[in-house]
Amino acid sequence: MSPLDRIANVSILKQHEVDKLYKVESRPAPSASDQFCFLVRPRIRTMRYIADIVNADKMSGRSRKYKIIFSPQKFYACEMVLEEEGVFGGEWSRGAGPFPSPPRGLAHGSSNAAESQLDPSTGIPVLAGRERGQEPQFPSAWLLPAGRCAHAAVSVPLLCLLGGGRLLPRSPVGRPRLSAPLTPVCRAGVILGVFLLRVGQLSPFPIPNADVTCDEWSFYLLPLDEDIISMELPEFFRDYFLEGDHRWINSVARALQLLNSLYGPFGKAYGIGRCAKMSYELWRDLEEESEGDGQGRKPEIGNIFLMDRDTDYVTALCSQVVYEGLVDDTFRIKCGSVDFGPDVTSSDKSIKVLLNAQDKVFSQIRNEHFSSVFGFLSQKSRNLQAQYDRRRGMDIKQMKNFVSQELKGLKQEHRLLSLHIGACESIMKKKTKQDFQEMIKAEHSLLEGVDVRESTSFIEEHIDRQVSPIESLRLMCLLSITENGLIPKDYRSLKTQYLQSYGPEHLLTFHNLKHVGLLTEQAAGETLTAVESKVSKLVTDRAAGKITDAFNSLARKSNFRAISKKLGLIPRVDGEYDLKMPRDMAYVFSGAYVPLSCKIIEQVLERRGWLGLEEVVRLLNGNEFSVSDSAVEDNPAWESQRVILAVFLGGCTFSEIAALRFLGKERGCKFIFLTTAITNSARMMEAMIEAKA
C-alpha cells in the first residue's frame with residue numbers, strides 16, 4: 001500500500017473521472033490523454049524524466065497540458081531543471097494558481113469578465129474590490145465561460161490542488177478539510193507519487209508558454225495508527241545521513257509547526273543529534289514568523305523528544321522478535337498495511353490487511369514477544385469457539401439477536417485470527433530455514449561483548465553460504481558498531497569474502513557504510529601512535545608488528561560498550577528472563593538488550609533534562625538540547641504532561657515503538673510517535689546499497 005491508497009485509492013480516483021494510473025518508469029507513459037498531472041518528490045532525476053516526456057510529445061507534434069505537483073514541497077532547483085530542458089517558463093506559467101491564467105476577458109468561474117481583472121504589470125488576476133498594493137486573492141480555479149467546460153468536479157483531498165483549494169488538516173488522525181470549496185474544473189489527469197492518471201481534455205483554448213505548470217502539495221503527516229504518525233519519507237535516511245542533503249529538514253520543521261498549531265505549545269522539548277537540533281531551531285524560527293498559531297491553546301502534548309537515527313544504529317540493526325516487528329521483517333508493512341500471500345491465506349489469493357488498533361486480534365499481540373503469541377492465539381481460538389457454541393441452546397428470539405448483533409463480529413474476528421495464525425506459521429517456516437536461533441545467539445554475543453571471535457566466524461560462514469546479502473551486511477555492521485570498528489585484518493577478510501560472494505559492485509556499498517559509520521575499520525593504534533613510533537625504532541619490524549597488534553587490542557575501546565555500561569543496556573538477570581511477564585524494555589530483544597534510543601528517552605524524561613548524562617552525551621557526539629516553555633511548565637496538573645511526542649529522524653522500528661509503549665504503561669504516560677518512516681535493518685541496508693543484490 002502506498003500513501004496514496006490511504007487518502008484516495010484507485011476506486012475513488014476513478015469516480016472522479018481519472019482514467020488511468022501509471023507508475024513513472026524509464027519509458028514514456030503510454031497514454032492518449034490530453035493532460036498529464038504528476039505528483040512527485042522534488043528530485044532532479046524525476047524532473048529530467050518529465051522533461052523527456054514533454055519533449056518527446058513536442059517532437060511527435062502532440063499537444064498536451066502537464067501539471068506537476070510537488071510533495072511535500074516545491075524546490076526552485078527542480079523548476080530550474082525544467083527551464084533548462086525548455087519545458088517550463090513563460091509569463092503565464094509562473095502564476096500562483098494551479099492552472100495558468102486564462103486569456104484576457106475570460107472570467108473566473110463565470111462568463112462575466114467584470115468579476116476579475118488582470119494586473120497589467122504581472123498578468124496575475126485581482127478580484128474586484130481589491131485595492132492595488134494589497135495581496136491578490138486567487139480564485140479556487142480558472143473556469144471557462146459557463147457551458148464551455150466539462151463538469152468533473154474534483155473533491156478528494158489529494159486532488160484538491162486541481163481546484164486550487166488548500167489542505168487544512170483537522171488533526172493528524174482525521175481527514176483533511178479544504179479551506180475553500182472546490183469548483184467544477186475541466187477534466188484533468190494526475191501522476192501521484194510518481195504515479196500517472198489520465199483524463200479528458202483540459203481546454204479548447206491554446207495557452208502560450210504554459211505546457212508545464214507547477215504547484216506543491218504540503219503533505220507532511222500520515223496517521224498510520226492511533227499513536228503512529230509517519231511523514232512517509234523513506235529516502236530521508238539516505239539523503240541526510242549519507243548524502244548530507246538537508247532538503248527534508250524544512251519538511252520536519254513544518255510538520256512540527258502543524259502539530260503545534262493543532263495541539264497547542266509543547267511544554268518541554270528535548271533532543272539529541274545534529275539533524276534534531278537543526279529541525280528544532282528551524283521550527284522555532286517558523287513559529288516566530290507565524291506568531292505562534294497554537295499559542296493560547298491548552299496544550300495537549302506535554303513533552304517532545306527529537307532523536308537522530310545515527311544516535312542509535314544498534315537497535316535498528318538487531319533482529320526484531322516482537323510480533324509486529326517480525327511481520328515487518330518477513331512481509332514488509334507498507335503504510336500500515338501488509339500483503340499476506342497464499343502461504344498465509346491458505347488459498348490461491350493474496351489479501352491486503354490493515355494492521356492497526358481496529359484489528360482486535362492484532363492489537364492484543366502486536367507488542368508481544370513472538371514466543372508468547374502462539375499461546376495467545378490458541379486461547380483466543382478456544383474463546384471464539386465457545387462463543388459460537390452458545391447458539392446451540394438458544395431459542396428463536398435469542399438466535400435472532402445473536403445473528404443480528406454478534407455473528408458478524410465473530411466472523412470478522414475469526415477471519416483475522418486465521419490470518420494471524422497463518423502469518424505465525426509462515427514466519428516460523430522462514431526463520432527456521434534462515435537458522436534464526438543461531439543468528440539471535442550471535443547477535444546477543446555481540447551485544448554483550450562475549451565470544452566475539454565465534455560470532456565473527458558465524459558471519460563468515462553466513463557470507464560463504466550466500467544466505468542473504470542484506471543479512472550478511474547487517475551482521476557485519478552490528479559487529480563493527482559494537483566493537484567500535486573492525487580490526488584491519490578482520491575488515492579486509494570480511495570485505496573480500498563478501499565481494500567474492502555477492503559481486504564487486506558492492507565496493508560502493510562498503511564506501512557508503514563507512515561514510516555513515518555503520519561499517520568502519522579501526523585506525524592502527526590511533527591513541528598510541530606516538531608510543532608505537534618510538535618503540536618501533538628500538539625493535540625489529542616483526543616485533544613491532546606484534547606490539548602494534550597488542551596496542552590495537554588495548555585501544556579498541558568501544559563507545560557502545562561504554563554507553564551500554566553507563567546506561568545498563570545489558571540486563572543482569574538471575575536465571576531465565578520471563579518474556580511473558582517482562583519487567584523492562586529488554587523484552588523486545590528477548591531480555592538481552594534494552595534499546596539505546598528508548599533508554600535515552602527514559603533517562604532524560606526521568607531527570608527532566610540531560611543533567612547527569614554528560615558522559616553519555618559526550619560518547620554520542622553531543623548536539624543535545626533541552627528547552628522548556630515556562631507557561632506550560634507552570635501547570636503540571638494538566639493531562640498533557642503525560643503525553644510525549646517521540647520524533648525519530650531517519651526512521652523508527654516497531655521494536656522501539658513496542659518498548660516505549662511498555663514504558664508508557666509502566667510510567668502512566670502515553671507516547672505518540674512521529675517518524676520520517678518506519679524502518680528496519682533491511683531497509684537501512686538497502687538504502688546503502690548502490691547496486692541491487
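1. Arginine 561 belongs to helix H22 (residues 559–567) and glutamate 483 to the loop between H17 and helix H18 (488–502), so the pair ties together parts 78 residues apart in sequence. At 23%, arginine 561 is partly exposed.

2. This is a predicted model, in which local features need pLDDT of at least 70 and side-chain atom pairs count only at pLDDT 80 or more, whereas totals for chains, interfaces and linings use all residues. Residues are numbered from 1 along each chain as its sequence is written, and side-chain values use heavy atoms, with hydrogens and water left out.

3. The average pLDDT of the chain is 77, and 74% of the residues score at least 70 (pLDDT is the predictor's confidence in each residue, from 0 to 100). Over residues 91–210 the pLDDT is below 50, yet this stretch has 269 contacts beyond near neighbours in sequence (contact means heavy atoms within 4.5 Å). Where pLDDT is low, the predicted coordinates should not be read in detail.

4. Helix H17 (residues 469–482) spans 20 Å between its first and last C-alpha, close to the 20 Å expected at 1.5 Å a residue (the expected span is 1.5 Å times one less than the number of residues; helices are DSSP runs of H or I with at least four residues, strands runs of E with at least two, numbered from the N terminus). As 14 of its 14 residues are buried, H17 is largely enclosed by the rest of the structure.

5. An open sheet of mixed pairing contains seven strands in the order S10-S11-S18-S17-S13-S12-S16 (two strands pair if DSSP finds at least two bridges between them). Strands S10 (222–223) and S16 (624–628) are at the edges with a single partner each, so one side of each has no neighbour in the sheet. Strands S17 (residues 643–649) and S18 (residues 670–675) run parallel and are joined by six bridges.

6. The whole structure holds 30 salt bridges. Asp225, Asp227, Glu324, Arg366 and Arg661 form a linked network of them.

Key:
Buried < 20%, exposed > 50% of the residue type's maximum accessible area, 1.4 Å probe, protein only. Salt bridge = Lys/Arg side-chain N within 4 Å of Asp/Glu carboxyl O.
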